[in-house]
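Please read them with the structure open beside you.

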Protein chains: 2
Amino acid sequence: MIINKLVVLGAGLIGGSLAKACRQRGLAAEVVGWGRKEANLQKAIDFGVIDRYELDLAEAVKDADVIFIATPTLVAESMLERLAVVADSRSIITDGASVKGNLYRAAQRIYGQVPSTLVLGHPIAGSEESGVEAANAELYVNHRVILTPTAETSSEAEAVVRELWQGCGAEVVSMDVERHDRVLAATSHLPHVLAYSLVDSLAQQDCSYEIFDNAAGGFRDFTRIAASDPQMWHDIVLANKAAVLSMMDDFTDQLKLLRENIASDNGDEIMASFQRAREARRHFSSILQKRQQKKL
Amino acid sequence: MIINKLVVLGAGLIGGSLAKACRQRGLAAEVVGWGRKEANLQKAIDFGVIDRYELDLAEAVKDADVIFIATPTLVAESMLERLAVVADSRSIITDGASVKGNLYRAAQRIYGQVPSTLVLGHPIAGSEESGVEAANAELYVNHRVILTPTAETSSEAEAVVRELWQGCGAEVVSMDVERHDRVLAATSHLPHVLAYSLVDSLAQQDCSYEIFDNAAGGFRDFTRIAASDPQMWHDIVLANKAAVLSMMDDFTDQLKLLRENIASDNGDEIMASFQRAREARRHFSSILQKRQQKKL
């Protein structure tokens with residue numbers, strides 16, 4: 001047992017999976033859920049995700065050791081604001097949102113001095129499913145969780161959050177806030193933006209029927225992420241606006257260069273770019289493979 | 001048995017797989033291979049891909065019923081040129097290249113009047129593997145083959161090529177040349193260009209190590225096609241230049257619009273675009289599912 005009371009704000013896939021894992025693995029003596037919809041919290045009890053729930057936020061977070069904010073990205077800022085009023089100063093506050101800079105800036109705005117008990121984090125795990133029904137105690141096993149402690153963060157608070165995630169089977173790394181947001185803009189936010197834009201662009205072509213009718217496995221893989229939740233990705237691109245725009249601009253420059261090389265039959269430059277990309281992709285494959293082997 | 005003599009020019013994945021399927025399924029009385037490298041052709045015999053081989057093109061295509069050009073895309077044009085000299089006028093000439101317009105224009109240039117026995121085609125199948133070792137008699141089963149007959153094409157020649165592919169288990173459709181090249185630019189060439197550009201762009205970021213080290217399943221799927229053969233895709237984007245550039249421009253316009261909407265916090269437009277994309281992606285999923293169910 002790592003802590004006494006865990007409070008999960010928002011019992012969807014991310015919050016529900018942490019709650020369920022902590023219960024099943026005995027990491028917390030008590031797991032309390034809070035949310036806006038009582039029916040959903042009742043479901044969370046029925047599915048073994050939480051021990052009990054509260055509809056009143058102050059009641060829910062009373063004597064909490066750890067409060068996990070698992071609401072949608074843009075709602076998380078307002079949760080920080082509400083917690084500043086009702087949470088004990090000794091409760092550790094952490095979260096699972098995909099962007100960290102907006103929450104850190106929100107904390108600066110709300111608290112003035114960011115509390116030492118705030119340990120922002122981001123589990124790199126998800127599923128095409130969502131909702132409490134999809135909550136899965138194994139979701140984080142062998143997945144990476146990035147914590148983004150700052151100069152203000154107490155190492156004790158960070159250690160507790162780290163142990164909780166490790167207890168759920170995750171591999172935990174630390175990174176500074178800005179670096180996290182740039183890295184995630186690159187590996188996740190930009191690819192989603194490209195996939196959405198590609199599919200939206202193709203759907204507007206005059207031959208869109210034939211396009212989708214003749215697409216095959218490569219297209220399916222490439223566009224899978226365009227099936228993701230629009231509201232979630234709307235929140236993410238706005239919350240991480242600066243990094244997303246910067247990555248979009250770098251990408252657009254690269255694409256423009258390739259366009260010029262194709263238009264002018266500059267075969268050598270086209271080859272060089274495709275070869276560099278293949279090398280980098282192979283390097284990434286080998287990293288993934290090593291990571292998976294380490295886990296076996 | 002559909003034909004007497006099939007000649008495959010280039011015994012790699014695409015040509016070797018057709019050859020092997022025709023042998024195993026008894027679609028041709030004899031399958032002859034032609035290529036530049038004797039060792040490779042010998043391997044093709046050892047692997048049961050062809051019955052025999054010739055190193056001299058004229059000898060290879062003598063009395064052929066069907067000649068299948070399975071060389072790299074840009075080499076296919078010069079094969080047409082050589083066949084114009086050595087092939088019987090009754091031999092049906094078909095191919096498996098990813099772009100059809102450049103070959104059709106090459107045929108116009110070479111023959112003046114495009115022969116009625118030319119039936120350009122494109123099997124939408126492939127593999128991350130390549131070479132005669134990867135030749136697989138089942139490669140085309142349940143895969144689509146697009147034929148692009150023109151006004152000059154004889155319906156008899158088209159029927160023979162169609163039956164050969166159907167005999168290999170493929171689903172054959174017809175489409176005009178220009179439509180084919182636009183559709184493939186959309187579903188295949190543009191996604192490859194985007195995947196290569198993305199990975200090349202990220203590899204140049206200062207935090208490229210962290211980027212690849214923290215990427216997960218979504219990124220793996222999205223960039224899988226960036227591991228494709230650079231030479232092959234170099235050929236394809238140049239052979240299909242007009243359609244590829246036009247699709248790149250439409251995509252870039254779409255991306256630019258999204259960039260403006262993110263920069264100006266225009267959440268409604270961001271949501272609308274992501275929602276349209278998700279709808280179209282779901283529509284595509286349902287097409288794929290129906291196609292797969294039909295095959296079961």
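1. How much area is buried between chain B and chain A, and what percentage of it do carbon and sulfur atoms give? The model is a predicted one. In it, about 8,200 Å² is buried between the two chains, and carbon and sulfur atoms give 66% of that area. Chain B puts 84 residues into the contact, and chain A puts in 84 residues.

2. One salt bridge joins Asp249(B) to Arg259(A), with 2.7 Å between the closest N and O atoms.

3. Which elements of chain B give two or more residues to the side that touches chain A? They are strand S8 (144–147) and the helices H7 (177–203), H8 (208–214), H9 (217–223), H10 (230–239), H11 (241–263) and H12 (267–295) of chain B. H7(B) supplies the largest share of that side, 18 residues.

4. Now the sheet in chain A. Six strands form an open sheet in the order S3-S2-S1-S4-S5-S6 (chain A), and their pairing is parallel. Strand S3 (52–54) and strand S6 (118–119) of chain A are at the edges; each has a single partner strand, so one side of each has no neighbour in the sheet. Strand S1 (residues 3–9) and strand S4 (residues 66–69) of chain A pair in the parallel sense through four bridges. Within this part of the sheet, Val7(A) has Ile67(A) in S4(A) as its bridge partner.

5. In chain B, look at strand S5 (residues 92–95). Is each face of this strand covered or open? Both faces are covered: Ile92(B) and Thr94(B) on one side are buried, and so are Ile93(B) and Asp95(B) on the other.

6. S5(B) has pairings to S4(B) and S6(B) that can be traced by residue. Strand S4 (residues 66–69) of chain B runs parallel to S5(B) and is joined to it by four bridges. Phe68(B) has Thr94(B) in S5(B) as its bridge partner. Strand S6 (residues 118–119) of chain B also pairs with S5(B) in the parallel sense, over two bridges. Here the bridge partner of Ile93(B) is Leu118(B).

7. Helices complete two units around S5(B). Helix H4 (residues 73–86) of chain B makes a right-handed β-α-β unit with S4(B) and S5(B). Helix H5 (residues 101–111) of chain B makes a right-handed β-α-β unit with S5(B) and S6(B).

Methods. Residues numbered from 1 in each chain as written. Chains lettered and ligands numbered in written order. Predicted model: local features only at pLDDT ≥ 70, side-chain atom pairs only at ≥ 80, totals over all residues. Heavy atoms only, no water. Buried < 20%, exposed > 50% of the residue type's maximum accessible area, 1.4 Å probe, protein only. Pairing = 2+ DSSP bridges. Right-handed = clockwise from strand over helix to strand, strands pointing away. Contact = heavy atoms within 4.5 Å. Buried area = accessible area lost by both parts, 1.4 Å probe. Salt bridge = Lys/Arg side-chain N within 4 Å of Asp/Glu carboxyl O.
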